[in-house]
Amino acid sequence: QVQLVESGGGLVQAGGPLRLSCVLSGSVFGIRAMGWYRQAPGNQRGLVATITRGGTTNYAESVKGRFTISRDNAKNTVDLQMNSLKPEDTAVYYCWAETIDRYYRQQDYWGQGTQVTVSS
């Protein structure tokens with residue numbers, strides 16, 4: 001069974017750093033992309049950052065220049081380094097993976113979410 005397990009959330013003061021990590025466990029044929037989404041109370045889940053197997057990254061405008069996404073293809077992990085955190089970054093952060101099976105059918109997986117709270 002495929003699972004995404006996140007770690008690294010918590011409480012941090014505004015301006016501080018925090019690092020999130022996620023590992024995909026279980027057997028998959030291939031992983032096209034991994035990334036992070038977030039959801040604040042009353043809001044829809046939205047993109048934070050994604051990274052393809054080849055290393056192409058995509059960031060939400062609100063986090064560009066502050067957050068950095070990276071992945072280790074050999075270990076099936078994706079990390080999110082968050083710097084200069086703001087109270088508006090407070091949300092539940094979800095790890096995401098876009099995988100394919102041997103027939104190249106897409107299957108998306110989500111982690112259980114990790115809370116990030118930024119105090120002012």
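Val 2 counts as buried in this predicted model, at 14% relative accessibility. Val 2 belongs to the segment that comes before strand E1. In sequence, Val 2 and Val 28 are 26 residues apart, yet their C-alpha atoms are 7.4 Å apart in space. Setting aside neighbours within four places in sequence, Val 2 is in contact with Leu 24, Ser 25, Gly 26, Ser 27 and Val 28, and also with Tyr 109.

Glu 6 is buried but has no salt bridge. The nearest side chain of opposite charge belongs to Arg 45, and that one is 7.7 Å away, whereas a salt bridge calls for a separation within 4 Å. What the Glu 6 side chain does reach is backbone: the nitrogen of Cys 95 at 2.7 Å, and the nitrogen of Gln 112 at 3.2 Å. Residues up to four places away in sequence aside, the contacts of Glu 6 take in Ser 21 and Cys 22, then Trp 36, then Tyr 93, Tyr 94 and Cys 95, and finally Gly 111, Gln 112, Gly 113 and Thr 114.

Two of those contacts, Cys 22 and Cys 95, turn up again as a bonded pair: they form a disulfide, with their sulfur atoms 2.0 Å apart. A search of the whole structure finds 1 disulfide. The link joins distant parts of the chain, with Cys 22 in strand E3 (residues 18-25) and Cys 95 in strand E9, 73 residues apart. The torsion about the S-S bond is about -90°, so this disulfide is left-handed. Both Cys 22 and Cys 95 are buried.

Strand E9 shows up in the aromatic picture as well. The count comes to 3 aromatic pairs. In one of them, the ring centres of Tyr 37 and Trp 96 are 5.9 Å apart and the planes sit at 70°, so the pair is edge-to-face. This pair, too, links distant parts of the chain: Tyr 37 is in strand E4 (residues 30-39) and Trp 96 in strand E9, 59 residues apart. Trp 96 counts as buried, at 8% relative accessibility.

Tyr 37 also pairs with Trp 110; here the ring centres are 5.1 Å apart and the planes are again at 70°, so this pair is edge-to-face. With Tyr 37 in strand E4 and Trp 110 in strand E10, the pair ties together parts that are 73 residues apart in sequence. Trp 110 is partly exposed, with a relative accessible area of 37%.

Ser 84 is not a glycine, yet has a positive phi of about 50°. Ser 84 sits in the loop between strand E8 (77-82) and strand E9 (91-100). With 41% relative accessibility, Ser 84 counts as partly exposed. Tyr 104, likewise not a glycine, has a positive phi of about 65°. The loop holding Tyr 104 runs between E9 and strand E10 (106-110). Tyr 104 is exposed, its relative accessible area being 55%.

Notes:
Residues numbered from 1 in each chain as written. Predicted model: local features only at pLDDT ≥ 70, side-chain atom pairs only at ≥ 80, totals over all residues. Heavy atoms only, no water. Buried < 20%, exposed > 50% of the residue type's maximum accessible area, 1.4 Å probe, protein only. Lys, Arg positive; Asp, Glu negative; His and termini not counted. Polar contact = N/O pair within 3.5 Å; in protein donor to acceptor, adjacent residues only side chain to side chain. Contact = heavy atoms within 4.5 Å. Helix = DSSP H or I, 4+ residues; strand = E, 2+ residues; numbered from the N terminus. Disulfide = S-S within 2.5 Å. Phe/Tyr/Trp six-rings, centres within 6.5 Å; stacked < 30°, edge-to-face > 60°.
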